[in-house]
Amino acid sequence: MHQFLPYAWFGGRCVPFAEATLSVATHALHYGTAAFGGMRALPNPSDPAEILLFRADRHTRRLSQSARLLLTELPEETIHEAIVTFLRANKPTCPVYLRPFVYTSDLGIAPRLHNIETDFLIYGLELGDYLSPEGVSCRISSWTRQEDRSLPLRGKISGAYITSSLAKTEAVKSGFDEALLLNSRGKVSEASGMNLFIVRDGVLITPGVDQDILEGITRASVLELAQAMGIPTLERPVDKSELFVADEVFLSGTAAKVTPVRRVETTDMPGQRPIMNAIRDRLTAITEGRDSAYDHWVTRIRVDG
């Protein structure tokens, strides 16, 4: 069972989690007319009264932009202020995952985005490792990643995640941990809710934004860190066959962090992952507030006041 934080941001204020309820007629429930974000927060290991948020500015910006794709305005400042109030109310004592959510709250039955009410909420839950840090097995999904011409993939639109759900369950029921989706052009796009990286001959490679991927914030952070660490990077289309001959394969995401892929279909991946390990160690230090060079990636919030 999930251990949810005791308070949610709902209706413009913090309320007990159990009181943050929606009508069964809520528009977003029926039509997927919502967008969400995902943020990790953890108590500062050296000061438990301080909560560390990784790249909060990027997360609030993406959610604000996702709201615009739903034809609604949700300023970044509004999101940030609500998150601060939410964290101060909950005072988490362990790593948590925050789920800010903008949605059509109207009770109408017509699928539309005009002349409709919207609202914004936040809840959170305790979360350690979403995927095994030792590595996951992946299968190539029979489901295809949607195209940007059919869905606005630059945002985390909730309705788009039916494909992720189908792919994930297909993978698990067939004996794998995770799914890898190809796009409509037959190129590797992403996992069910994570971006993908491979390493070939010392070069870190990831599908570009033209491959119908989500513009992941952890993905962008991995690329920026790699370049600063002197690791060559390349954003380009990735063929399925490259997965089986890669030196390293790994996934990235807010929940997944940086997770190695140990097997693709029936092919075992190499056990040595020097590039992924170096990036993962650096990213862990940053999120825990132990890397002064990237302190600007961390928002510090006092919760003892």
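Predicted model: local features only at pLDDT ≥ 70, side-chain atom pairs only at ≥ 80, totals over all residues.

**Helix packing and selected residues**

In helix 5, Thr-218, Ser-221, Val-222, Leu-225 and Ala-226 meet Ile-279, Arg-282, Leu-283 and Ile-286 of helix 7. By type, the residues of this contact of helix 5 with helix 7 comprise six nonpolar, two polar and one charged.

**Helix 5 and helix 7**

- Two packed helices are described by the angle between their axes and the distance between the axes.
- For helix 5 (residues 217–228) and helix 7 (residues 274–287), the packing angle is about 110° and the axes are 10 Å apart.
- Helix 5 is therefore roughly perpendicular to helix 7, as angles of 65 to 115 degrees are counted in that class.
- Helix 5 and helix 7 form a right-handed crossing.

**Helix 2 and helix 3**

- Helix 2 (residues 56–69) and helix 3 (residues 76–90) have axes that come within 8 Å and cross at roughly 125°.
- This angle makes helix 2 oblique to helix 3.
- The crossing in which helix 2 passes helix 3 is right-handed.
- Helix 2 contributes Asp-57, Thr-60, Arg-61, Leu-63 and Ser-64 to the contact, while helix 3 contributes Glu-76, Ile-79, His-80 and Ile-83.
- The residues of this contact of helix 2 with helix 3 are divided into three nonpolar, three polar and three charged.

**The loop between helix 2 and helix 3**

- Leu-71 is located in the loop between helix 2 and helix 3, and Glu-73 is also found in the loop between these helices.
- Leu-71 has a relative accessible area of 63% and is therefore exposed, the cut-off for this class being over 50%.
- Most residues other than glycine have a negative phi.
- Leu-71, a residue other than glycine, has a positive phi near 65°.
- Glu-73 counts as exposed because its relative accessibility is 63%.
- Glu-73 and Val-102 are 29 residues apart along the chain, and their C-alpha atoms are separated by 9.8 Å.

**The largest nonpolar core**

- The largest nonpolar core has 26 residues, of which Leu-53, Ile-83, Leu-87, Leu-98 and Phe-120 touch the most other members.
- At least two residues of this core are supplied by each of strand 4 (39–44), strand 5 (47–54), helix 2, helix 3, strand 6 (96–104) and strand 7 (118–126).
- Helix 3 provides the largest share of this core, with six residues.
- Beyond its neighbours within four places in sequence, Leu-53 has contacts that include Ile-83, Leu-87 and Leu-98.
- Other contacts of Leu-53 include Met-39, Arg-40 and Ala-41, together with Trp-297, Val-298, Thr-299 and Ile-301.

**The loop between strand 6 and strand 7**

- Ser-105 is situated in the loop between strand 6 and strand 7, and the place of Asn-115 is likewise in the loop between these strands.
- With a relative accessible area of 19%, Ser-105 is buried, because the class of buried residues takes in values under 20%.
- Apart from neighbours within four places in sequence, Ser-105 is in contact with Thr-26, Glu-117, Thr-118 and Asp-119.
- From C-alpha to C-alpha, Ser-105 and Arg-280 are 39 Å apart in space, and 175 residues apart in sequence.
- Asn-115 is exposed, with a relative accessible area of 69%.
- Although Asn-115 is not a glycine, its phi is positive, at about 50°.

**Two further buried residues**

- Ser-137 lies in strand 8 (residues 136–144), and at 2% relative accessibility Ser-137 counts as buried.
- Once neighbours within four places in sequence are set aside, Ser-137 is in contact with Gly-175, Phe-176, Asp-177, Glu-178, Arg-262 and Arg-263.
- Gln-211 lies in the loop between strand 12 (203–206) and helix 5, and Gln-211 is buried, with a relative accessible area of 4%.
- The contacts of Gln-211, leaving aside neighbours within four places in sequence, are Asn-183, Arg-185, Lys-187, Val-188, Ser-189 and Pro-237.
- Gln-211 and Asp-106 are 105 residues apart along the chain, with 34 Å separating their C-alpha atoms.

Methods: Residues numbered from 1 in each chain as written. Heavy atoms only, no water. Axes fitted to C-alpha atoms, helices over the stretch in contact; angles between N-to-C directions. Helix = DSSP H or I, 4+ residues; strand = E, 2+ residues; numbered from the N terminus. Parallel < 35°, antiparallel > 145°, perpendicular 65-115°, else oblique. Left-handed = near helix turned anticlockwise from the far one by under 90°. Contact = heavy atoms within 4.5 Å. Nonpolar A, V, L, I, M, F, W, Y, C, P; charged D, E, K, R; others polar. Core = buried A, V, L, I, M, F, W, Y, C linked by side-chain atoms within 4.5 Å. Buried < 20%, exposed > 50% of the residue type's maximum accessible area, 1.4 Å probe, protein only.
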